[in-house]
Amino acid sequence: MGDRGERGSAKHKRRTTIAGDAAGAQAKRGGAAETLSGQVKEKEQRHETPANKHKNHSDAGDDAFSCHKLQESLLSSNSGYSNYRGILNWCVVMLVLSNARLVLENLIKYGILVDPIQIISLFLKDPYSWPALCLIIVSNVFIMAALYIERKLSVGTISECTGTFLHCINLAALLFVPAGTVLSVSSMTPVGGVVALGVFTVLFLKLYSYRDVNKWCREIRRAKARTLSRSHSCPSVHKANGTTGYTHVSHPGNLTHRDIYYFIFVPTLCYELNFPRSPRIRKRFLLRRLLEMLFLMQLMIGLIQQWMVPTIQNSMKPFQDMDLSRIVERLLKLAVPNHFIWLIFFYWYFHSSMNFIAELMQFGDREFYRDWWNSETIPYFWSNWNIPVHKWCLRHFYKPMLMKGVNKLAAQIAVFFMSAFFHEYLVSVPLKMFRLWAFLGMMAQIPLAYFVGRFLRGNYGNAAVWMSLIIGQPIAVLMYVHDYYVMHYGSAAEGVTA
């Protein structure tokens, strides 16, 4: 044992000695190399010329004091720079200053034209006659008709053909009865007529969706060959801890007054048996939306009275004289307030009002619009600025046409045609004159969409969409106002001129 220990220690010493010798050899070689390199450097320094000294100092200076590198200018497209916040703020400041000048000019020229009494006269001719409100109240008859038709269909009292026929009569009456009332009642103002027909148009789209969805439910139920009793399909709603707990509802348990009126008041056009619900009503959110609604409504009315009405009145003379240059000047002058009011209306209606109603009804789907301001094509704008209408057209009009074998182009043209009809319906009937300017304006979107999609891309396409919005609407406004003025005040104006 002792011999083995001694031999082991001897081996360890030998390994250590060998490793130490190797390290020493490497150190000696390294030291020799350093000595050699030092001698070479000394020789180079002794033989270095002034030119070489200047070159070495120049290279060292370039590395230490260089202030240039390969790069693009910020405004070049290859630079990758995208933070233009300062330029955007500058545009906002310039916009505010230019419009402040227009406001000051308007006040100096016309004075204060805002009149609250005149606002009431836009809705009522006679304070004891409220035809628009009475017409809206009558709309409950059509709602009840749709509900009871569906109830009869759910229990098999009437056939599908009979139910479809009754629904068609009810939906047709939704469009023709209010139109006939607006045209025949002399006390109906144009603004009151627009409000009443707007309500009936929304109701038409809602009840059409109500009829379609219930029909699909009946078809699914027949396919599954399973009936659901009312007690199981329409359970009661219970409350817990101050919040409402909602349970799943199935057909035909959805055919209740509570269900259909909830659908009528929520900000959507597409019916579902079980809508997404928010857990509670946020009172601060509700108050903010209410204040926005009140303020923006007053702002829009004030801008219309103070800014748009004088511009439109001053545009009648160039139209009568057919002075093209003055017409273009008036059109561009009207484009600014018209577009500004349209933007305010968009925010007031699609954000403030719809969110207020949705919060009050605890309606969970708040996607009422998308980023239409980034539209690079006309179809993208129309499918993103009004999501409730877009969803309805896609679900109840466009896709059913594709399922029936209609090609996509024809289906898209049919969607634009239907939209053009309702635009004209909401303008011509309240004004009690038929000029088809709104209809033609909507149908003109088809060739414009082809042109923009075919020849313009990116920012150019977005600019084309904005130009169509800024210029297109004032043209239609001037067309209708001119025709309305000629129809109602043309003879009086001619008498004054004579």
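Is Trp-373 buried or partly exposed? Hold that thought for a minute.

Okay, ground rules. What you see is a predicted model, where local features need pLDDT of at least 70, side-chain atom pairs count only at pLDDT 80 or more, and totals for chains, interfaces and linings use all residues. Residues are numbered from 1 along each chain as its sequence is written, and side-chain values use heavy atoms, with hydrogens and water left out.

Big picture, then. The protein has 18 helices and 2 strands; those are DSSP runs, H or I of at least four residues for helices, E of at least two for strands, numbered from the N terminus. Of its 498 residues, 33% count as buried. Buried means under 20% relative accessible area, exposed means over 50%, and partly exposed is in between, with a 1.4 Å probe and protein chains only.

Let's look at one helix, α3, residues 85-110. Just after α3 comes Gly-111, with a positive phi of about 75°.

Now, the aromatics. You describe a pair of rings by the distance of the centres and the angle of the planes. Here, rings of Phe, Tyr and Trp (the six-membered one) pair if their centres lie within 6.5 Å; planes under 30 degrees apart are stacked, over 60 edge-to-face, and the rest tilted. The structure holds 31 such pairs. One of them is Phe-345 with Trp-348, which is tilted: 5.9 Å centre to centre, with 40° between the planes. Both sit in helix α12 (residues 324-361), 3 residues apart, about one turn of the helix. Phe-345 is partly exposed at 32% relative accessible area, while Trp-348 counts as buried at 15%.

Next, Trp-372 and Trp-373. Their ring centres are 5.6 Å apart and their planes are at 70°, so this pair is edge-to-face. Trp-372 is buried, at 4% relative accessibility. And back to my opening question: Trp-373 comes out at 36%, so it counts as partly exposed.

Last stop, charges over rings. That label needs NZ of Lys or CZ of Arg within 6 Å of the ring centre and within 35 degrees of the ring normal. The charged end of Lys-206 sits over the ring of Phe-263, 4.6 Å from its centre. Likewise, Arg-277 has its charged end over the ring of Tyr-262, 4.1 Å from the centre.

That's my tour, thanks!
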